[in-house]
Amino acid sequence: MNFWGFSIAEARVIDYDKNDKSMATAMTHEAPASKLCIGCGGCTATCTAGNLTEFNIRKLQMLVKRGETQEVKQNLHKCMLCGKCLLVCPRGVDTRRLILSLMKFINTQNSNF
C-alpha cells in the first residue's frame, strides 16, 4: 500500500437530531411568525444591542432551531427589546415576541430545577 502523506479522518458531522429541540418548539408555539424568517439579516443590521455588544438575533434564532441552546441562554439578556428589528423585517416576524418567548422558556426551565 502506498503512503500519500495523509490519512482518512473521521467525518466531522454534527447530529442535530440528538439536540434538545424543546426551546424551538416553545418558540414556534409562542411566536408562530418565527417560521417566516428568511435569514435576511435586517434585524441584526438594525439591532441597537448588536451594535454595542456581541448580540445577534439571527444567530440566536438559528441556534434555537438547531437545538444548541447554551449560547442562546448566555446572550438572550442582551436584547434591549427596542423593536427596531420588528420594524425592518420584510416578512413581519414579531422578533420582540420571539425574544420574550425564549426568555419565558428559560425562566420556566430554571424554576423547574
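## Cavities, core and a helix pair in a predicted model

The model is predicted, so local features need pLDDT of at least 70 and side-chain atom pairs count only at pLDDT 80 or more, while totals for chains, interfaces and linings use all residues. Residues are numbered from 1 along each chain as its sequence is written, and side-chain values use heavy atoms, with hydrogens and water left out.

The structure holds two cavities of 30 Å³ or more, where a volume is the space filled by probe spheres set on grid points that are joined across faces, edges and corners. Lining residues have an atom within 4 Å of a point. In the table, Ala, Val, Leu, Ile, Met, Phe, Trp, Tyr, Cys and Pro count as nonpolar, Asp, Glu, Lys and Arg as charged, and the others, Gly among them, as polar.

| Cavity | Volume | Lining by class |
|---|---|---|
| Second largest cavity | about 100 Å³ | seven nonpolar, four polar, two charged |

Of the 14 residues that line the largest cavity, Cys 79, Leu 81, Cys 82, Gly 83 and Cys 85 lie nearest its centre. Helix α7 (residues 95–112) gives the most to this lining of the largest cavity, with three residues; helices are DSSP runs (H or I, at least four residues), numbered from the N terminus.

The largest nonpolar core has 22 residues, of which Met 23, Phe 55, Val 64, Ile 99 and Leu 102 touch the most other members. Such a core is a set of buried Ala, Val, Leu, Ile, Met, Phe, Trp, Tyr and Cys residues joined through side-chain atoms within 4.5 Å, and buried means under 20% relative accessible area with a 1.4 Å probe, protein chains only. The largest share of this core, five residues, comes from α7.

Leaving aside neighbours within four places in sequence, Phe 55 is in contact (heavy atoms within 4.5 Å) with residues including Leu 60, Leu 76, Cys 79 and Ile 99.

The axes of helix α1 (residues 22–30) and helix α4 (residues 57–66) come within 7 Å and cross at roughly 120°, the axes being lines fitted to C-alpha atoms over the stretch in contact, with angles from 0 to 180 degrees between N-to-C directions. Here Met 23, Ala 24 and Met 27 in α1 meet Gln 61, Val 64 and Lys 65 in α4.

Methods: Helix = DSSP H or I, 4+ residues; strand = E, 2+ residues; numbered from the N terminus. 1 Å grid on protein atoms, 1.4 Å probe; cavity = no way out; pocket = protein on both sides within 12 Å on 5 of 7 lines; lining within 4 Å. Buried < 20%, exposed > 50% of the residue type's maximum accessible area, 1.4 Å probe, protein only.
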